[in-house]
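Dear colleague,

Please find below the structure that I am handing over to you. My notes on it follow directly after.

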Amino acid sequence: MAAVVTSHTELQFVVDTAEASGGGRMSSTIVAKGIKESLTSTLTKFHAGYFRVSLSLGGQALLWKTLRGPTDDTHTLRRTLHLFHPTAFTVLWSLSFFALVLLSILYLLRCLFYFKMVKEEFFHHVGVNYLFAPSISWLLLLQSSPFFNPQTHYSYTVIWWVLAVLPIAVLDVKIYGQWFTKGKKFLSAVANPTSQLSVIGNLVGAQAAAEMGWKESAIGLFSLGMVHYLVLFVTLYQRLSGTDQLPSMLRPVFFLFFAAPSIASLAWQSIAGSFDTASKMLFFLSLFLFMSLVCRPTLFKVSMKKFNVAWWAYSFPLSVLALASMEYAEEVKGDIPHLLMLLLLTFSVFVSICLVVFTLLNSKILLFLPHCFDPISSLISRAMCSTPQQNQQRPQTV
């Protein structure tokens with residue numbers, strides 16, 4: 001039998017109860033819809049270029065592990081820097097690991113739900129180079145890990161193969177293969193500063209292999225990276241018409257010009273066992289390229305007007321240059337090499353701290369604003385929106 005409402009108060013109570021029940025369900029639906037829209041927006045705007053963050057943090061972690069590691073350098077400055085508490089380094093490495101895991105999960109979700117967009121990255125002349133960044137980040141974290149020794153720990157070998165070497169090898173075949181085979185994507189048409197990430201991937205892999213004692217694998221990766229670096233460097237140096245394809249907002253990636261020889265000097269040191277003449281030559285080359293860029297601040301004027309994720313391209317090259325200067329100072333000794341090391345180390349740490357602060361203050365810009373605020377997203381978006389006639393005129397070659 002249905003209940004009978006006998007007063008206005010009871011009627012109001014029934015209405016309020018019904019509204020509360022319906023409102024609760026509606027509120028849950030709105031929250032779920034908001035979360036879905038937020039995740040969709042994040043995954044559609046996310047791309048491999050965001051791994052610049054983990055790349056930079058991993059470079060800093062490796063820098064501070066080397067600084068705190070055993071050394072034959074008896075200079076007062078090096079001994080003073082060696083006194084930093086190890087907890088700070090552990091916190092830095094943990095932050096780098098958390099950032100890399102988070103970025104990796106997001107990119108795996110993007111591959112799962114928006115594979116077409118990942119495919120567009122793979123075929124884009126700029127986006128494809130950042131596909132090396134996840135593997136490089138994992139290699140840097142492995143080398144800087146405070147928890148196990150690369151020469152004795154089995155998991156190091158497994159991760160080195162699965163997360164680093166195999167993806168790099170696949171991308172090498174794709175990119176280097178199309179440079180000398182027929183097709184529209186020959187080197188002079190697609191080369192740009194981000195192409196040096198392919199070289200850096202091979203060199204970081206060579207350094208990690210050398211630390212594990214795999215000298216032959218290290219030499220193989222080093223030779224592959226250096227041969228293509230020479231070809232790429234000459235192509236970019238000539239400023240051919242096809243190589244000027246970067247928007248002004250992406251000019252921070254010009255710092256990769258001195259990152260590649262810096263990594264090469266460190267990789268060769270790991271292979272040869274000392275910072276010999278070859279390593280010094282590569283270090284001097286990277287130092288010259290660094291000074292050439294620093295003396296031209298107007299080159300980066302447009303890109304520095306508004307914060308975007310491309311700013312993180314400054315940090316990693318500075319970290320590896322400071323790391324190379326540290327090894328140079330240890331080998332050469334003297335006050336001037338150590339003063340140079342201190343200047344580069346201070347500059348590197350200062351830039352990294354500023355980037356972290358700017359990222360925290362502008363976190364919404366990274367994932368929740370339109371593509372026009374992200375130079376890589378806007379590039380790929382324009383490629384996806386090209387007309388069928390343009391696609392027929394410019395076929396994509398794998």
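The axes of H9 and helix H11 (residues 256-272) come within 8 Å and cross at roughly 20 degrees. Axes here are lines fitted to C-alpha atoms, for helices over the stretch in contact, with angles running from 0 to 180 degrees between N-to-C directions. Helices (H or I, at least four residues) and strands (E, at least two) are DSSP runs, numbered from the N terminus. H9 and H11 are therefore roughly parallel to each other; angles under 35 degrees count as roughly parallel, over 145 as roughly antiparallel, 65 to 115 as roughly perpendicular and the rest as oblique. The crossing of H9 and H11 is left-handed, a term used if the near helix is turned anticlockwise from the far one by less than a right angle, with right-handed used if clockwise.

This is a predicted model, in which local features need pLDDT of at least 70 and side-chain atom pairs count only at pLDDT 80 or more, whereas totals for chains, interfaces and linings use all residues. Residues are numbered from 1 along each chain as its sequence is written, and side-chain values use heavy atoms, with hydrogens and water left out.

On the H9 side, Gln196, Leu197, Ile200, Leu203, Val204, Gln207, Ala210 and Glu211 meet Leu256, Phe257, Ala259, Ala260, Ile263, Ala264, Leu266, Ala267, Ser270 and Ile271 in H11, where contact means heavy atoms within 4.5 Å. By class, the contact of H9 with H11 comprises 14 nonpolar, 3 polar and 1 charged residues. In this scheme Ala, Val, Leu, Ile, Met, Phe, Trp, Tyr, Cys and Pro count as nonpolar, Asp, Glu, Lys and Arg as charged, and the others, Gly among them, as polar.

Helix H10 packs against both of these helices. The axes of H9 (residues 196-211) and H10 (residues 215-237) come within 8 Å and cross at roughly 155 degrees, which makes H9 roughly antiparallel to H10. This crossing of H9 and H10 is left-handed. Among the H9 residues that meet H10 are Val199, Asn202, Gly205 and Ala206, and their partners in H10 include Leu221, Phe222, Gly225 and Tyr229. The contact of H9 with H10 has 13 nonpolar, 6 polar and no charged residues.

For H10 and H11, the axes come within 11 Å and cross at roughly 155 degrees, so H10 is roughly antiparallel to H11. The crossing of H10 and H11 is left-handed. Its contact is made by residues including Lys215, Ile219, Phe222 and Phe233 of H10 and Pro261, Ala264, Trp268 and Ile271 of H11. That contact divides into 14 nonpolar, no polar and 1 charged residues.

Turning to the whole chain, the protein has 17 helices and 0 strands. Of its 398 residues, 49% are buried, where buried means under 20% relative accessible area, exposed over 50% and partly exposed in between (1.4 Å probe, protein chains only). Among contacts with a separation of 6 or more, 82% join residues 24 or more positions apart.

The largest nonpolar core has 109 residues, and those with the most contacts inside it are Phe51, Ile136, Trp160, Ile200, Phe222 and Phe258. Such a core is a set of buried Ala, Val, Leu, Ile, Met, Phe, Trp, Tyr and Cys residues joined through side-chain atoms within 4.5 Å. Leaving aside residues up to four places away in sequence, Phe51 touches Phe46, Leu100, Leu103, Ser104, Tyr107, Ala133, Pro134 and Ser137.

Leucine 108 lies in helix H4 (residues 86-113) and counts as exposed because its relative accessibility is 60%. Its C-alpha atom is separated by 9.7 Å from that of leucine 43, 65 residues apart along the chain. Alanine 99 also lies in helix H4, but at 13% relative accessibility alanine 99 counts as buried. The C-alpha atoms of alanine 99 and leucine 57, 42 residues apart along the chain, are separated by 8.5 Å. Lysine 333 lies in the loop between helix H13 (315-332) and helix H14 (335-361). Although lysine 333 is not a glycine, it has a positive phi of about 70 degrees, and at 37% relative accessibility it counts as partly exposed.

Yours sincerely
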